[in-house]
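Hello,

Here is the structure I promised to pass on.

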Amino acid sequence: MSPLQAVPLFIAIPVAIMVVLGSTLTLIGALGFARLTSFYDRLHAPTLATSWGTGGIIIASALMFSVIEGRAVIHEFVIGLCIVVTTPVTLMMLARAALQRDRAERSPVLPEDMQLRPQHPEPPAQG
Amino acid sequence: MTRLVPHPVLSASLVLLWLMLTRFSLGYLILGTALSLVAGWAYSALHPAKPRVRRWRVIPRLVATLLWDIILSNINVARLLLTEGRGTRRSAFMQVPLKITDENALAVLAIILTATPGTAWLEYVADTGTLVLHIFDATQADHYRDVIGKTYEPMLMEIFE
């Protein structure tokens, strides 16, 4: 009997639900990432995958392997923690780079009050 | 004691992390403790200012609020991506004046806003205390302003300031 068959039904069902939930959210995020047109909109789509997309799969994995191995297998949550703590670094870097470029180009994507960094009292000679 | 363990919370979490990644045994506990002490010294050499957490009991409330918010906004953004798509949805830029100035509180706020689908942190201007956000659904602007100003900011202030 394989270890998978040893998993009782009342554990298998929540595991399956969490896996399907997590992977569906990740898929929706990926689809959105492909379909959206503006860079700033696209920043939002992958956050589906980094929040409950990862969360669902992590919970399912921890639950299933804890049951199979008969001890608490919780190191998956370290992955989740690392994703949650490190995502802002890359997203902020990308976002600030885009903002910087759009301001330099006076891009019409940005509304009027966003063209300058909020602390400038008077407009600089060249934006 | 402070010289030996300059960052007790950091070192304790590293030991915990080490034991989660391996199996619990006395050998691993000793090795993990030694490593986390060295990491604590290295960290205090790099970053001497120690984050001060004033009220620990607010943290569970913050985490619970955040998890619930993440679930709701996951549903929201997924629905928007699937149904309305390019049709009626408009995204918007938003400027929020922040009262918090503590850099650790700001870092936690950045994690909160990034982890919540629908809001993206663009920049924080320290001179004026302005946070520039991009929101996926422009109609939610007032909701986000409320959530940041009335829910997360007071909690972070209680924790850090």
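How are H4(A) and H4(B) oriented to each other? They are roughly perpendicular to each other (angles of 65 to 115 degrees count as such; under 35 is roughly parallel, over 145 roughly antiparallel and the rest oblique), because they pack at an angle of about 85 degrees. Their axes lie 9 Å apart; axes are lines fitted to C-alpha atoms, for helices over the stretch in contact, and angles run from 0 to 180 degrees between N-to-C directions.

Some ground rules before the rest. This is a predicted model, in which local features need pLDDT of at least 70 and side-chain atom pairs count only at pLDDT 80 or more, while totals for chains, interfaces and linings use all residues. Residues are numbered from 1 along each chain as its sequence is written, and chains are lettered from A and ligands numbered from 1 in the order in which they are written. Helices (H or I, at least four residues) and strands (E, at least two) are DSSP runs, numbered from the N terminus.

Back to that helix pair: H4(A) covers residues 76–104 of chain A. Contact here is C-beta atoms, placed from the backbone, within 7 Å. The residues of this contact divide into eight nonpolar, two polar and no charged (Ala, Val, Leu, Ile, Met, Phe, Trp, Tyr, Cys and Pro count as nonpolar, Asp, Glu, Lys and Arg as charged, the others, Gly among them, as polar).

For the whole contact between the chains, chain B gives 30 residues and chain A 32. On the chain B side, H3(B) gives the most, with seven residues. By class, that side has 19 nonpolar, nine polar and two charged residues.

Within chain B, H1(B) and H2(B) (residues 26–46) pack at about 140 degrees, with axes 8 Å apart. Their contact has eleven nonpolar, five polar and no charged residues, with B:Trp18 of H1(B) and B:Tyr43 of H2(B) among them.

Finally, the unreviewed UniProt entry annotates "transmembrane region" at residues 6–33, 45–65 and 77–99 of chain A; positions are in the numbering used here, feature names are shortened, and annotations may be inferred rather than shown by experiment. In the model, residues 45–65 of chain A are 95% helix, and residues 77–99 are 100% helix, with end C-alpha atoms 33 Å apart.

Best wishes

Notes
Contact = placed C-beta atoms within 7 Å.
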